[in-house]
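Please open the model in the viewer and keep the selection panel at hand.

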Amino acid sequence: MTKVQSGGAPGMGAMLKAKFPAKHVDSALDHYGTMIGEFKKGEWEKSIVRAGKLVEAILKSLWVSCGNTVPKAKDFKVDHVIRELEKIPVATAEDSLRLTIPRACRFIYDIASNRGARHDPDEIDPNVMDASAVVSLCGWMIAEMLRNAQKGLDPAGARDLVLRLTQKTFPNLEEIGDRVYFHVTGLSARTAALLRLWHAHPRRVSQRELIQHTERHGFTHANAKAGLARLGRVVDDDGQGNLRLLSPGIAEAEGLICADGRN
């Protein structure tokens with residue numbers, strides 16, 4: 001998943017601000033981007049802490065969008081806001097904003113507040129599984145807010161961003177600017193191209209970009225071209241050399257990166 005900040009994904013902040021207050025949108029996206037970065041580095045506790053801060057920013061966004069004023073920092077209580085959002089009339093906000101997202105916030109906040117460093121050293125460390133659940137759910141919450149904010153405005157642009165937000169996030173990939181690297185055991189030229197297409201999905205990627213990406217992973221130009229040619233039936237070509245991964249390719253890519261993450 002791409003790191004999402006105020007300017008990290010084209011139009012993300014602007015799309016959310018069509019419905020939600022700019023100040024809290026910027027804060028939420030900043031926390032989200034930092035959370036993803038920590039998760040990809042394997043910093044489980046740090047990513048969970050950021051998720052807790054993200055929850056506060058999201059709840060403030062929901063609270064203001066429903067016509068309320070955020071109290072001063074010392075008076076802001078997560079549980080109180082969640083309970084009060086449930087009381088808002090259906091005519092004022094749809095169920096996802098009053099109920100579903102706040103309930104997801106409660107789960108994440110409980111994880112961020114009550115787990116992590118407090119676990120018994122003789123037990124299995126819960127941070128890895130907690131971070132995985134929390135990161136995925138945070139992406140879903142922002143995607144749901146985006147879906148709500150863009151009703152009747154820009155369905156095509158919002159749809160692509162929602163798909164990217166709800167893609168799985170893994171710690172064995174790294175992004176530097178617009179370049180992505182996969183730290184996967186036994187990476188071949190073909191799988192390097194395959195994983196790049198998976199990461200970009202649903203956007204198409206030019207063959208030229210895929211070759212350059214594969215070369216950055218240590219393969220020669222000839223090997224990169226050969227690996228691209230071996231993608232075969234797992235890609236769709238628009239006739240101009242721009243490729244998009246098909247469902248079998250998505251399944252193959254996720255199988256590879258998940259299996260490597262378990263090793």
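Select Cys138 first: this residue is buried, with a relative accessible area of 0% (buried means under 20% relative accessible area, exposed over 50%, and partly exposed in between, with a 1.4 Å probe and protein chains only). Cys138 takes part in no disulfide, and the nearest cysteine sulfur, that of Cys105, lies 7.9 Å away; a disulfide is a pair of cysteine sulfur atoms within 2.5 Å. Across the whole structure, the search finds zero disulfides. Next, select Cys66, which counts as buried because its relative accessibility is 13%.

The model is predicted: local features need pLDDT of at least 70 and side-chain atom pairs count only at pLDDT 80 or more, while totals for chains, interfaces and linings use all residues. Residues are numbered from 1 along each chain as its sequence is written, and side-chain values use heavy atoms, with hydrogens and water left out.

Now move to strand E5, residues 242–245 (strands, E, are DSSP runs of at least two residues, numbered from the N terminus). Leu243 and Leu245 form its covered face, whereas Asn242 and Arg244 form the uncovered one.

Finally, select Gly239 in the hairpin of E4 and E5: four residues lie between the strands, and Gly239 takes a positive phi near 90 degrees.

Terms used
Two strands pair if DSSP finds at least two bridges between them.
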